[in-house]
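Keep the model open while reading.

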Amino acid sequence: MFRAAVLSLAGVALATPAAARPSTPGSNPIIRDRFTADPAPLVRGNRLYLYVGHDEARGKEMFNMREWLAYSTTDMRHWTFHGPIMKATDFKWASKDAWASQMVFKNGKYYFYAAVEHDKTHPGKAIAIAVSDSPTGPFKDARGSALVYNQMTPQGPHTWDDIDPTVWTEGDGTSWLIWGNAKCYIAKLKPNMVELDGPIREMNVPRFEEGPWIHKRKGIYYLTYASIDKKQGPDERIAYATAPKIAGPWTFRGDIMASGKNSFTIHPGIAEFKGKWYMFYHDASLTIGDEKGALGRRAVRIEPMYYNPDGTIRPIPHTDAGVTASAKR
Ligand code: FUB
């Protein structure tokens with residue numbers, strides 16, 4: 001059922017195992033010496049920074065994510081490793097789980113929003129925020145407490161609905177925090193970026209599972225996310241919706257990417273860099289030594305992203321070549 005679902009998405013093909021082919025710089029997966037997940041790109045001038053969670057699950061362990069790593073590139077093919085930028089436990093109130101994150105630049109500072117597990121004072125997942133003068137740190141906890149914790153969203157169906165933050169800043173400087181699992185939430189941020197400024201509302205988009213990512217192109221707002229449609233298969237795919245304003249109304253546009261090989265999760269991160277658009281995501285096709293890809297051993301990948309004249313996003317295949325493909329789809 002899963003394979004049929006994957007093949008049914010127009011133009012989508014599964015990649016062959018990473019270990020079975022030589023590595024051209026920039027081909028998929030882009031990082032092969034560590035397992036990485038939840039890619040979050042940030043463009044600053046001539047350089048694209050990439051923040052990922054470090055997957056360290058052993059055997060059948062589900063997730064073991066203790067830290068976030070930073071990479072950067074100027075050509076999308078050669079990546080510089082900047083090391084771990086933070087551990088989940090650098091937030092003194094957090095107990096574990098360096099889950100999905102996004103780095104944003106505002107007010108001359110780098111703000112790192114990330115999902116972590118809160119300690120027993122507020123059981124469940126929470127959103128942390130750290131700040132630095134540099135995209136590679138050092139970072140420090142910007143509040144000394146969670147920006148969002150589980151009890152702030154009582155409408156959530158479980159204790160892990162407050163994950164996967166993405167931040168969008170409007171042309172007038174107003175910033176919005178969007179996040180969620182099973183429910184997609186939105187709240188305004190104060191100009192200081194570290195406090196909410198108003199109520200938490202829900203964004204009702206079909207099949208929403210997790211991993212929201214906001215971008216804007218030619219006046220259209222895009223909310224891209226990991227979606228679940230049990231009729232299509234058991235694993236997450238990437239779907240999106242569009243809107244004329246960040247406040248909506250959002251129009252569902254369907255799936256643009258099939259499930260990743262071996263991976264229940266898939267996590268979109270989108271950036272325009274040097275005039276081209278890219279979709280960052282992960283699957284679990286990488287093998288390192290005797291450790292095969294798995295739910296908690298994922299690998300970050302990138303595909304070029306193309307739009308139709310009406311602004312809709314063309315289906316994005318999983319490819320081995322990734323950004324090194326010579327032909328435009
Ligand atoms: O990597 C841990 C969690 O799995 C992330 O927060 C979700 O987006 C999913 O990828």
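## Aromatic pairs

The structure holds 14 aromatic pairs. Rings of Phe, Tyr and Trp (its six-membered ring) pair if their centres lie within 6.5 Å; planes under 30 degrees apart are stacked, over 60 edge-to-face, and the rest tilted.

This is a predicted model: local features need pLDDT of at least 70, side-chain atom pairs count only at pLDDT 80 or more, and totals for chains, interfaces and linings use all residues. Residues are numbered from 1 along each chain as its sequence is written, and side-chain values use heavy atoms, with hydrogens and water left out.

## Trp 68 and Phe 91

Trp 68 and Phe 91 pair edge-to-face, at 6.3 Å centre to centre and 80° between the planes. The pair links distant parts of the chain, 23 residues apart. Trp 68 is in strand β3 (residues 65-73); Phe 91 is in the loop between β4 (80-87) and β5 (94-96). Strands are DSSP runs (E, at least two residues), numbered from the N terminus.

Both residues are buried, meaning under 20% relative accessible area (1.4 Å probe, protein chains only). Ring pairs also link Trp 68 and Phe 91 into a cluster with Tyr 51, Trp 93, Phe 112 and Phe 139.

## Trp 277 and Tyr 307

Trp 277 and Tyr 307 are also edge-to-face: 5.8 Å centre to centre, 75° between the planes. Trp 277 is in strand β20 (residues 276-283), and Tyr 307 is in the segment after β21 (299-305), 30 residues apart. Both are buried.

## Charges over rings

Arg 217 lies over the face of Tyr 307, at 3.8 Å from the ring centre. Arg 34 lies over the face of Phe 81, at 3.7 Å. The criterion: NZ of Lys or CZ of Arg within 6 Å of the ring centre and within 35 degrees of the ring normal.

Terms used
Helices (H or I, at least four residues) and strands (E, at least two) are DSSP runs, numbered from the N terminus. Buried means under 20% relative accessible area, exposed over 50%, partly exposed in between (1.4 Å probe, protein chains only).
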